[in-house]
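This report goes through selected local features of the structure shown below, and then one side of a chain contact.

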Amino acid sequence: MDLPGRMCGELTAEAGEVLVVIGPNGAGKSTLLRAIAGLEPGRVRVGEEDWTALEVPRRRVGYVFQDQSLFPHLSALDNVSFGPRARGRSRRESDVAARDWLERFGIAGLAHRKPRELSGGQAQRVAIARALATDPDVLLLDEPFTGLDVSVQMALRIELGRHLRDFPGVALLVTHDAIDALTLADRVLVLDDGEVAQVGPPAEVAAAPRTPHVARLVGLNLVADGADLIAFTPDAVVVSLAEPESSSRLRWRGPIASLAPHGDAVRVLVHATPDLLADLTPAAAVELGLEPGREVWLSAKATAVSRYGARG
Amino acid sequence: MSGPRLGRAPAILLVPAVVAVALLVVPLATLVLDTPWRTLPDHLGSEVVRQALAITALSSLLTVIACVVLGTPLAWLLARVDFHGRRVVRALVLVPLVLPPVVAGVALVTALGRNGLIGQHLPFALPYTTSGVVLAHTFVSLPFYVLAVEGALRTHGSSYDVVAATLGADRWTTFRRVTLPLAVPGVLAGSALAWARSLGEFGATITFAGNYPGTTQTMPSLIYVALNSDPTVARSLSLILLALSVGVLVLLRERWAVGR
């Protein structure tokens, strides 16, 4: 992929693979999907074909847009059959295929509803069915769960996971949610400022994140130390008012930015360099008299952190 | 009254508003009140009136058809295709909107008259024919239509066109199955505007097509002639035109209300 001025990098995916794309806002996640679909310029190769000069309708993609964008004047069935018909199949064939897809998503009973008569989850199922109905080589999903209720997200995530396992092509899913990466991905692609910051299996990326964004997503502290990165969990951090004495510890100092309950613990955000998270018991927090603005020391045992090269 | 009570409407706004209503309503009300109802059936039954009505009905219908057939693609081009000189084309297309109709008529004569630059090479004559009437009407109505439809096309933006393209639809399929259906309210509004403009068109028509009973004499031209000879006839004819335009606009409004 090579988008002039926006993004530069190489990425190769195998057929049948699900790639989850994460990264902060403006990292180029949506731009990547748009480039593959031909909505932005960029070099793209799929199988034996070079798509770079191919017009949008000729690229065999299925695109699930962030805002669903079902055609408002067409029924659910006609939305799904639109793709097959546009790609030259007969009306009857297309309707049969569309009905089949609606059935697979368990919404065949809603075939004749207009998009405005569908709930958010139902509409998103139609949108995904519509993208899959053209038998695309590449499936592109841009934050498909955004704006849905949490319970609906959960159900749809499980359902989508099933369809992605059956999907023979390459699937790319852009998300803000670590759980999508952990549950759906074969590989995670981390974008940062238009560059590929990290690619790897989800467990590996979650355990040894290379960008602050991913560290935050998986709830880890990430500190650069020369050529190395150090990652550790917030409960490995000890908070104290005086400078810790043991020399085997990594230590930081800074004012408390915020305190918030986190499960059974209290999670403290400290403006050190960089920002760090520490978990401690509510009793300890009271005993130390922690409040926003107060200067504290943070330390972590060298044995409780994982240390790895900044460039894999 | 609903809504919060913010106080009385001030006279400085109320008085001009009432004057505006009076200005718009009183002349039309007098037209209705002063109609010679007794002789109305005689006026309506006359050959010349029936001919003028038929020509007005036919030419306004053909004008709307011409606007839809020619104007819809133009509106699409202006709203969706980013070509060089688009702004210039749009500006030129909208000129007839502000052009005095008589000037439009003279321009048509210059171009398509019997001795016009283009007209002298045509194997058929347009001036002083019913086709000439339709041409003049289309010339003045088309900008209204294009403006309304382009606006409708822009309100939906091109996001659905993009979706259709990713599903494999070429531009014609997208236009037919997505863009146009979503722009139907604009097409109807534009048609109503074009139709109303055509119904009342006088200046360009009489300049380019003349005023021949049976071929080019429309209702407005007939009213103009009648006003000089028999004002009561002119008033009766005006009433018919008023009723026609109000009637069709009310009908169209109801259709939109259902469509929404």
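This is a predicted model: local features need pLDDT of at least 70, side-chain atom pairs count only at pLDDT 80 or more; totals for chains, interfaces and linings use all residues.

Together, strand 15 and strand 16 of chain A make a hairpin, with five residues between them. Within the pairing, V266(A) is found opposite L280(A) of strand 16 of chain A.

Strand 16 (residues 276-280) of chain A is largely enclosed by the rest of the structure, because five of its five residues are buried.

## Helix 1 of chain A

Helix 1 (residues 29-37) of chain A is mostly covered, with seven of its nine residues buried. The buried residues are K29(A), L32(A), L33(A), R34(A), A35(A), I36(A) and A37(A). Just after helix 1 of chain A comes G38(A), with a positive phi of about 90 degrees.

Most residues other than glycine have a negative phi. D135(A) has a positive value, with phi near 50 degrees. D135(A) sits in the loop that runs between helix 4 (120-132) and strand 7 (138-142) of chain A. D135(A) counts as partly exposed because it has 14 C-beta neighbours inside 10 Å.

E143(A) is also a residue other than glycine with a positive phi, here near 45 degrees. Its place is the loop between strand 7 and helix 5 (150-166) of chain A. Is E143(A) buried or exposed? E143(A) has 20 C-beta neighbours inside 10 Å, and a residue is buried if 20 or more lie within that distance, so E143(A) counts as buried.

## The side of chain B that touches chain A

Contact between the chains involves 14 residues of chain B and 15 residues of chain A. On the side of chain B that touches chain A, helix 7 (159-166) and helix 8 (171-182) of chain B each supply at least two residues. Which element of chain B gives the most to this side? Helix 7 of chain B does, with six residues. By residue class, the side of chain B that touches chain A has nine nonpolar residues, four polar and one charged.

Definitions and conventions
Residues are numbered from 1 along each chain as its sequence is written. Chains are lettered from A and ligands numbered from 1 in the order in which they are written. Helices (H or I, at least four residues) and strands (E, at least two) are DSSP runs, numbered from the N terminus. A residue is buried if 20 or more other C-beta atoms lie within 10 Å of its own, exposed if 12 or fewer, and partly exposed in between; C-beta atoms are placed from the backbone. Two strands pair if DSSP finds at least two bridges between them. Two residues are in contact if their C-beta atoms, placed from the backbone, lie within 7 Å. Ala, Val, Leu, Ile, Met, Phe, Trp, Tyr, Cys and Pro count as nonpolar, Asp, Glu, Lys and Arg as charged, and the others, Gly among them, as polar.
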